[in-house]
Amino acid sequence: MTIIHIVLFKFRADVSQDHKEEFVTELRKLKDLPSVLNSRLVVGGPSVADPIERSQGFQYALLSYHRDMRALEEYQASDEHHKVTNKYLWPFKEDVIRFDFEIDGDDESALLPIQNLVNSGSEA
């Protein structure tokens, strides 16, 4: 079983671009936590949806993988996670959406070819 953790972030209009970039930089460091499965954590943004209205104002997204619910709970309880959210997110957010779900069996093995394609594409 693997837990996939997805978070969408929307900042208030008065939040500077520098602050958002620092948030993203700090958020990406969370991939080094032992509770993140194989350092599989990515942060993306801003949205490239077309039309942009489909993003409903959300500017950044996080996607991370955890071996089970206990690992996800450890990730969220970590000092590093609290530092990032308390310093860069909660005082500045307009909205946040979180969605977590389990995958296993065929769905887990389906993720591996995607990783291989990403790796082989970077070597070209």
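**Entry 1: Leu63**

I began with Leu63, which lies in strand β3. I worked on a predicted model, where local features need pLDDT of at least 70, side-chain atom pairs count only at pLDDT 80 or more, and totals for chains, interfaces and linings use all residues. Residues are numbered from 1 along each chain as its sequence is written, and side-chain values use heavy atoms, with hydrogens and water left out. For the elements I used DSSP runs numbered from the N terminus: helices are H or I with at least four residues, strands are E with at least two.

The cut-offs are under 20% relative accessible area for buried, over 50% for exposed, and partly exposed in between, with a 1.4 Å probe and protein chains only.

I then listed what Leu63 touches, leaving out residues up to four places away in sequence: Ile4, His5, Ile6, Arg40, Leu41 and Val42. Contact here means heavy atoms within 4.5 Å. The C-alpha atoms of Leu63 and Arg40 are separated by 8.1 Å, and the two residues are 23 apart along the chain.

**Entry 2: strand β2 beside β3**

Which residue of β3 stands opposite Val42? I found Leu63 there. Strands β2 and β3 (residues 60-66) run antiparallel and are joined by four bridges; two strands pair if DSSP finds at least two bridges between them.

In a regular strand the side chains alternate between the two faces of the sheet.

**Entry 3: Ser64**

I moved to Ser64, also placed in strand β3. Its relative accessibility is 0%, so Ser64 counts as buried. Beyond four places in sequence, Ser64 touches Ile3, Ile4, His5, Arg40 and Leu41.

The side chain of Ser64 makes a polar contact of 2.7 Å with the side chain of His66. I took a polar contact as a pair of N or O atoms within 3.5 Å; within protein, one must be able to donate a hydrogen and the other to accept it, and residues adjacent in sequence count only if both atoms are side-chain atoms.

Which residues of α2 (residues 69-77) are buried? I noted Ala71, Leu72, Tyr75 and Gln76. They cover an arc of only 135 degrees around the axis, which puts them on the same side of α2. The arc is that of the directions from the helix axis to the C-beta atoms. The face turned away from this buried side carries the exposed residues Arg70 and Ala77. I found β1 (2-11), β2, β3, α3 (79-89) and β4 (93-103) among the elements covering the buried residues of α2.

At the start of α2, a side-chain oxygen of Asp68 comes within 3.2 Å of the backbone nitrogen of Arg70. In the loop between α2 and α3 I looked up Ser78. At 12% relative accessibility, Ser78 counts as buried, and its side chain reaches the backbone oxygen of Tyr75 at 2.8 Å.

For α3, I listed His81, Val84, Thr85, Tyr88 and Leu89 as buried. They span an arc of only 105 degrees around the axis, which puts them on the same side of α3. Their cover includes β1, α1, α2 and β4.

**Entry 4: aromatic rings**

I counted four aromatic pairs, taking rings of Phe, Tyr and Trp (its six-membered ring) as paired if their centres lie within 6.5 Å, with planes under 30 degrees apart stacked, over 60 edge-to-face and the rest tilted. Phe9 and Phe23 have ring centres 5.1 Å apart and planes at 80 degrees, so this pair is edge-to-face. Phe9 is in strand β1 and Phe23 in helix α1 (residues 17-28), 14 residues apart. Both Phe9 and Phe23 are buried.

Phe11 and Tyr60 also form an edge-to-face pair, at 6.4 Å centre to centre and 80 degrees between the planes. Phe11 lies in β1 and Tyr60 in β3, so the pair ties together parts 49 residues apart in sequence. I noted Phe11 as buried at 2% relative accessibility, and Tyr60 as buried at 7%. Phe9, Phe11, Phe23 and Tyr60 form one aromatic cluster.

**Entry 5: charges over rings**

I ended with charges over rings, which require NZ of Lys or CZ of Arg within 6 Å of the ring centre and within 35 degrees of the ring normal. The charged end of Lys10 sits over the ring of Phe58, 4.6 Å from its centre. The charged end of Arg40 sits over the ring of Tyr65, 4.2 Å from its centre.
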